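I opened this notebook to record what I looked up in one structure.

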Amino acid sequence: MVTVVHVQQPFHNYVLPAGPGIYATSTVIESVRKAQEQNSSVILSRALRLCKDKMVKAETLILDGDPKEMICQAAEQMHVDLLLVGSRGLSKLKRAFLGSVSDYCAHHAKCPILIVKPPEEKLSRESST
């Protein structure tokens with residue numbers, strides 16, 4: 001059984017450092033939440049289709065929070081045999097600023113982990129942009 005997990009980061013109101021701040025209305029927050037749910041649905045339905053095509057039994061799980069922490073927490077709670085995490089192929093500089101979910105999981109997951117790199121053609125396209 002494969003469990004495909006997608007983690008949505010919660011929407012936060014941001015405050016500007018030199019002013020009263022900009023706060024999102026409840027309508028904006030609801031709109032962002034709906035967009036996140038639609039995005040999650042599209043991603044997970046594609047993953048389920050790929051699993052079905054390969055005759056792999058799969059289920060999905062949507063979590064809210066910090067992706068790196070939620071993935072490790074879910075893996076521990078579910079007692080998974082193997083955590084499979086994709087790598088976006090970030091450069092060292094981007095990884096330093098953005099953080100790396102796969103790197104965090106490699107150091108914090110309490111189970112074996114396999115990190116899958118993106119295809120070579122995707123890496124070469126992104127490095128040219």
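What percentage of the 129 residues in the chain do buried residues make up? I found that buried residues account for 19% of the 129 residues; buried means under 20% relative accessible area, exposed over 50%, and partly exposed in between, with a 1.4 Å probe and protein chains only.

I noted that this is a predicted model, in which local features need pLDDT of at least 70 and side-chain atom pairs count only at pLDDT 80 or more, while totals for chains, interfaces and linings use all residues. Residues are numbered from 1 along each chain as its sequence is written, and side-chain values use heavy atoms, with hydrogens and water left out.

**Entry on the chain.** I listed five helices and four strands, which are DSSP runs numbered from the N terminus (helices H or I, at least four residues; strands E, at least two). Read from the N terminus, the order is β-α-β-α-β-α-α-β-α. I also looked up contacts, meaning heavy atoms within 4.5 Å. Of those in the chain between residues at least 6 apart in sequence, 68% join residues at least 24 apart.

**Entry on His-6 and Ser-40.** I located His-6 in strand E1 (residues 2-8) and Ser-40 in helix H1 (residues 26-53). Is His-6 buried or exposed? His-6 counts as buried because its relative accessibility is 17%. Ser-40 is buried as well, at a relative accessible area of 0%.

The side chains of these two residues make a polar contact of 3.3 Å. A polar contact is a pair of N or O atoms within 3.5 Å; within protein, one must be able to donate a hydrogen and the other to accept it, and residues adjacent in sequence count only if both atoms are side-chain atoms. The Ser-40 side chain has a polar contact with the side chain of Gln-8 too, at 2.8 Å.

Setting aside neighbours within four places in sequence, I found Ser-40 in contact with His-6, Gln-8 and Ile-62.

**Entry on H2 and H4.** I then checked helix H2 (residues 67-78) against helix H4 (residues 101-108): their axes come within 9 Å and cross at roughly 40°. Axes are lines fitted to C-alpha atoms, for helices over the stretch in contact, and angles run from 0 to 180 degrees between N-to-C directions. In H2, Pro-67, Lys-68, Glu-69, Ile-71 and Cys-72 meet Val-101, Tyr-104, Cys-105 and His-108 in H4.
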